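Hello,

I am passing this structure on to you, and my notes on it follow below. Please have a look at it first and then read on.

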Amino acid sequence: MSEEISPAHSDRGRPIEGANADATRETLLELDSVTRRFDTEAAVDQLSLSVREGELLTLLGPSGCGKTTTLRLLAGLERPDSGTIRVRNEVVAGEDRFVTPEDRNIGLIFQDFALFPHLSVAANVAYGIQDRPDDAIDRRVEELLDLVGLSAYGDHSPDSLSGGQRQRVALARSLAPEPDVLLLDEPFSNLDVGLRTEMREEVRRILKAADVTAISVTHDQEEALSISDRVGVMHDGRLEQVGRPEAVFQNPASRFVAHFLGHAGFVTGRREDGAVSTVLGSIDRGRLVGYDPAMDGSTIDVLVRPDDLGISDDDATGADGRIIHRQYTGPSFVYRIELETGAVVHAQVNHVDRFEVGQAVTVDLTADHPLAWFPRD
């Protein structure tokens, strides 16, 4: 069985940092070559993944990539056509076994929170633990309302709460039965933009305080990178890469991952004498991830992101490129620049440094970290 589809090596044949979860904790959940088809299309295709106890993993990808189907397979709402799913080493879905959702001890938080409007906040939290003695229910509800910061709202109706408060009630209700795994389906999509950052931090705090293993799915790159212990990027039903957020962002295993995680520009260069010669100047091999001298003479594409580049005025014929688009973000401008080679890159500069669309500029490589690269197609 595959421990991870990270992969341990990228399509460049170099190690991907951060491929494994914290090895000091036990593996709680495993998917081994799981496939789910709808008619002739594989929504999830040979997916293998392991999640360790107490970990917060986010599956990230565009609509239709298979991330929500994966969540439904874990919850028991879909049955795999092949492959095996294990929780605490017990098979919950496989060739000869399928455990129903109610018997999996897996919690699920829906996008709309699905609270019961006719029940109080406390009754919503207590809904899944009615088989316990009354005093045990009361203690658990009190404990969870305190954890989510809603101790004073037990007798309130969910309809009287804000979106962020309703999300915390849904989280408390899902945690009440002490699930082995908690699944979150686009957990912040129904919140106002201004509330999302606050609630991302709050949900992570609550999950860590409860020491629960959680898997979230989203198409929001910022959300995935900010909340997760690890991120798994999915594309066409397959897991392209898994790793720590910073490792996946800085050293993507494929061009798809590079593009999906933010503005990705590529500068072509030829490797010679321990350096790569590009339109932006020579890049020493020490500034490239996993440089192999045996590949000297080959042509590669170096990945540059907006914060890797700086630009300056240049009205002379020696300008590197020309600005073709400008995006104002508040603290900064992000400029799209067409280089003289025809390649397009992005540069992020302070909002006080304004350039005009159509302006010729000099582009400088300012990155102070190793740069990822790909063989030239």
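A bend at a residue is the angle between two fitted axes, one through the seven residues ending there and one through the seven starting there. Helices (H or I, at least four residues) and strands (E, at least two) are DSSP runs, numbered from the N terminus. This is a predicted model, in which local features need pLDDT of at least 70 and side-chain atom pairs count only at pLDDT 80 or more, while totals for chains, interfaces and linings use all residues. Residues are numbered from 1 along each chain as its sequence is written, and side-chain values use heavy atoms, with hydrogens and water left out.

Let me start with helix α5. By the definition above, α5 bends by about 25 degrees at methionine 199. The helix covers residues 193-210, and its 18 residues should span 26 Å at 1.5 Å a residue (the expected span is 1.5 Å times one less than the number of residues). The end C-alpha atoms are 26 Å apart, which agrees. Just after α5, aspartate 211 has a positive phi of about 55 degrees.

Which residues of α5 are buried? They are Met199, Arg200, Glu202, Val203, Ile206 and Leu207. Here buried means under 20% relative accessible area, exposed means over 50%, and partly exposed is in between (1.4 Å probe, protein chains only). The buried residues of α5 pack against β3 (56-60), α3 (134-147), α4 (163-175), β7 (181-185), β8 (213-218) and α6 (221-227), where contact means heavy atoms within 4.5 Å.

Now to the salt bridges, each a side-chain nitrogen of Lys or Arg within 4 Å of a carboxyl oxygen of Asp or Glu. The structure holds 22 of them.

Aspartate 229 sits in the loop between α6 and β9 (230-235), so the pair ties together parts that are 25 residues apart in sequence. Aspartate 229 is partly exposed at 25%, and arginine 204 is partly exposed at 26%.

Arginine 140 is buried at 12%, whereas glutamate 143 is partly exposed at 47%.

Finally, Arg36, Arg72, Glu78 and Asp81 are linked in a network of salt bridges.

Best wishes
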